[in-house]
Protein chains: 2
Amino acid sequence: MALNDRKIQILKAIINDYIATAEPVGSRTLAKKYDLGVSSATIRNEMSDLEDMGLIIQPHTSAGRIPSELGYRLYVDRLMNTSELTPKEQEFLHSVVSGNITKIEYLMEETAKAISMLTNYTTIISEPILKRTALKQIRLMPLDESAIMLIIVTEGNFVKNHIIRVNIAPSDEDLFSVSVKINNILKGHTLEDINEHTIMALQKELKEYSGLLKPVLKAVQKTIRSAENVHLHMSGAKNILTFPEFSDISKATEIFRAFEEKNNLVSLLEDAKSNDIRILIGNEINIKEMKDCSVITTTYNMGENTKGSIGIIGPTRMNYNQVVSVLNEMVKNIENVLKTVPDGKNT
Amino acid sequence: MALNDRKIQILKAIINDYIATAEPVGSRTLAKKYDLGVSSATIRNEMSDLEDMGLIIQPHTSAGRIPSELGYRLYVDRLMNTSELTPKEQEFLHSVVSGNITKIEYLMEETAKAISMLTNYTTIISEPILKRTALKQIRLMPLDESAIMLIIVTEGNFVKNHIIRVNIAPSDEDLFSVSVKINNILKGHTLEDINEHTIMALQKELKEYSGLLKPVLKAVQKTIRSAENVHLHMSGAKNILTFPEFSDISKATEIFRAFEEKNNLVSLLEDAKSNDIRILIGNEINIKEMKDCSVITTTYNMGENTKGSIGIIGPTRMNYNQVVSVLNEMVKNIENVLKTVPDGKNT
DNA sequence: AGTTAGCACTCAAATAAAGTGAGTGCTAAC
DNA sequence: GTTAGCACTCACTTTATTTGAGTGCTAACT
């Protein structure tokens with residue numbers, strides 16, 4: 001059976017209507033609401049064909065049709081028309097990143113919030129993760145009589161700090177020169193780079209302050225490890241409750257439970273490997289609790305090796321068109337901010 | 001009408017039963033389930049009295065009774081027996097804080113998560129807030145050719161950092177000596193302390209690097225301001241959905257909406273002024289969306305002027321007894337950690 | 001006096017029955 | 001190939017009926 005123009009037109013109408021109303025749509029509704037130029041009976045015949053092709057489904061005998069996953073797939077791949085955001089929406093999204101954002105965490109937080117506000121879906125964002133976390137700067141500074149602070153800046157200007165307890169705090173100047181020495185040795189190294197050789201070199205340099213070696217090394221390790229972890233931000237999870245498909249508390253709870261499992265979210269975002277926008281529909285998501293959801297993901301870049309992902313989660317009946325536009329716009333914004341004003345990144 | 005022993009016994013039984021089952025409890029149930037030594041008819045008479053006294057309520061004519069807010073008030077003030085946590089529970093709570101926690105944010109996050117897991121209620125925690133944020137250390141360090149980083153440590157060892165773009169980055173040594181100079185002038189100062197005099201002094205010291213003055217001052221201001229902000233952590237909001245009193249989606253959504261308003265949560269926690277445990281029941285909470293909830297709050301100390309709060313939110317029918325025990329235990333744990341190993345606090 | 005058995009009464013909730021309407025598939029005519 | 005017409009289906013709504021937990025009151029008992 002061929003998927004002629006009229007069939008496509010009808011399928012599009014069904015999907016658009018269902019996205020808007022969440023109600024199965026019948027032939028009469030289509031005939032009245034959309035200017036298809038044929039009678040409901042004809043539409044009925046076409047719908048019957050579409051159902052045979054697996055693109056739409058009848059929930060029960062005397063109901064209208066709803067799109068199947070296959071139908072959505074066809075829709076997002078070939079039928080969906082992309083639209084521009086309104087100037088107001090663009091401005092809103094832009095205002096979020098243009099504010100005085102001092103920490104990358106806040107930027108992520110705000111971005112997630114903005115997207116979920118605009119779309120009414122749930123947003124998750126992963127902070128940029130460094131492929132190979134190298135140390136950029138290591139510095140010791142005095143805190144008080146019995147404590148000094150270790151500051152570590154990694155590639156990408158992520159800052160970490162650790163307090164080190166000591167018996168007698170070395171002088172400011174001593175700490176500075178120790179810092180410079182450590183720095184010379186560890187700078188540019190990653191965790192696996194730190195071997196016996198580097199440690200020996202450190203031992204030699206820190207002869208006078210041998211008590212510092214161990215805590216410093218430990219802190220450095222911790223830092224690199226943590227920088228290699230994925231940090232997630234989520235916003236608008238409660239929006240799930242606003243969709244009639246999840247008005248059953250047990251369904252909502254199920255999804256929330258899936259959200260709680262960090263691995264789930266990470267794996268969702270990891271699907272966003274390429275820079276393109278990726279769409280997973282229903283069971284294409286490999287998380288059974290989310291079989292009635294769709295996820296749209298993409299990545300944003302922040303320097304060469306550093307990229308994070310954004311994912312938007314909604315019912316399969318989500319507004320794919322809008323979400324894609326929002327994602328594109330927001331990625332543009334974020335990349336701009338991260339490129340032009342890499343101000344105060346931190347973890 | 002006197003509140004004799006038997007009435008108290010019956011009231012306690014009603015409240016305990018209702019907390020456990022969420023079902024209105026009738027005279028027959030009480031007579032069967034609890035060993036009160038009298039018949040259901042007698043209990044009925046007493047219940048009638050308790051209702052006259054406003055301690056219990058009949059949702060409708062042919063239903064059992066449920067506690068009124070007044071009833072709960074009496075219960076938590078005078079009737080409730082406190083119980084110990086099981087060793088297992090204690091161990092669980094302890095394991096949370098004893099892990100390798102490098103940042104105060106994570107400690108808070110984990111604590112909130114643990115409490116809400118154990119109690120099944122929603123937990124909010126405010127990070128310790130400094131009464132008067134003073135600067136402790138200010139340091140500049142090189143990043144690359146055109147950027148240096150400003151590190152600021154405030155009283156309480158909170159660390160902030162800002163990247164400053166420059167045309168030509170001064171040398172490491174120069175930055176060190178500039179740091180020491182700035183430090184000498186600003187150390188110990190709070191925001192309102194920074195006046196023309198200090199700025200003049202800075203201008204003089206930074207003659208050679210006048211381009212640094214403005215960004216440094218701006219960053220310092222930002223830092224202090226942000227440190228004076230309340231940072232909140234919330235966990236287990238979705239637990240709300242598990243209670244039959246909120247099984248109506250619209251009720252749940254209402255509460256979630258209230259949760260979204262940060263001011264609401266802050267004001268809840270601010271009620272926890274004293275070190276004691278405070279309990280707010282139903283309408284005692286001044287947030288109308290939360291009139292069917294109760295909140296139990298307390299504070300924890302971290303050094304003299306630094307204290308944060310923990311709040312647990314559940315239905316009015318919450319397990320006050322358990323929550324109080326958990327809170328007490330957890331505060332003990334947190335204070336221990338913050339006292340003995342004040343390691344790597346950060347904001 | 002206080003307690004209790006007995007009983008009529010109430011009313012939410014569960015169950016059953018009847019009615020409604022949007023939607024379908026099929027047929028026959030255009 | 002298209003469409004009007006019609007019988008049929010079935011979720012949903014409405015209305016009626018039944019059920020049962022719980023109450024308050026009264027009269028008898030200790």
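Me: Before anything else, what does contact mean here?
Reply: Contact means that heavy atoms lie within 4.5 Å. With that in hand, and keeping in mind that this is a predicted model, we can say that residues 24 or more positions apart account for 62% of the contacts in chain A that have a separation of 6 or more.

Me: OK, and how many helices and strands does chain A have?
Reply: The secondary structure of chain A comes to twelve helices and eleven strands. Chain A is also more spread out than a compact globule, because its radius of gyration is 27 Å, well over the 20 Å that the globule rule gives for 347 residues.

Me: What box would hold chain A, then?
Reply: Taken along the principal axes, the box that the C-alpha atoms of chain A fill is roughly 90 × 40 × 35 Å.

Me: And how much of chain A counts as buried?
Reply: Of the 347 residues in chain A, 55% count as buried. As for the surface, chain A exposes about 15,700 Å², and carbon and sulfur atoms supply 47% of that area.

Me: What about charges, how many positive and negative side chains are in chain A?
Reply: There are 40 positive and 44 negative side chains in chain A, and the centres of these two sets lie 1 Å apart.

Me: Switching topic: how many residues of chain B are in contact with chain A?
Reply: On the chain B side there are 42 residues in contact with chain A, and on the chain A side there are 42 residues that they touch. The two chains bury about 3,900 Å² between them, with 60% of it on carbon and sulfur atoms.

Me: Which residues in chain B lose the most area there?
Reply: Those are B:F176, B:K238 and B:I249, which together make up 14% of what the chain B side buries against chain A.

Me: I was looking at A:A22, what's its phi?
Reply: A:A22 has a positive phi of about 65 degrees, although it is not a glycine. That deserves a remark because most residues other than glycine have a negative phi. A:A22 sits in the loop that runs between helix 1 (5-21) and helix 2 (27-33) of chain A.

Me: Is A:A22 buried or exposed?
Reply: A:A22 counts as buried, because its relative accessibility is 17% and the cut-off for buried is under 20%.

Me: And where is A:N120?
Reply: A:N120 is in the loop between helix 6 (104-119) and strand 3 (122-126) of chain A. A:N120 is not a glycine either, yet its phi is positive, at about 70 degrees. With a relative accessible area of 38%, A:N120 is partly exposed.

How values were computed: Residues are numbered from 1 along each chain as its sequence is written. Chains are lettered from A and ligands numbered from 1 in the order in which they are written. This is a predicted model: local features need pLDDT of at least 70, side-chain atom pairs count only at pLDDT 80 or more; totals for chains, interfaces and linings use all residues. Side-chain values use heavy atoms; hydrogens and water are left out. Helices (H or I, at least four residues) and strands (E, at least two) are DSSP runs, numbered from the N terminus. The radius of gyration is taken over C-alpha atoms; the globule rule is 2.2 Å times the number of residues to the power 0.38. Buried means under 20% relative accessible area, exposed over 50%, partly exposed in between (1.4 Å probe, protein chains only). Accessible areas come from the Shrake-Rupley method with a 1.4 Å probe; for residues, only the protein chains shown count as cover. Lys and Arg count as positive and Asp and Glu as negative; His and the chain ends are not counted. The place of a charge is taken as NZ of Lys, CZ of Arg, CG of Asp or CD of Glu. Buried area is the accessible area (1.4 Å probe) that two parts lose on being put together, summed over both.
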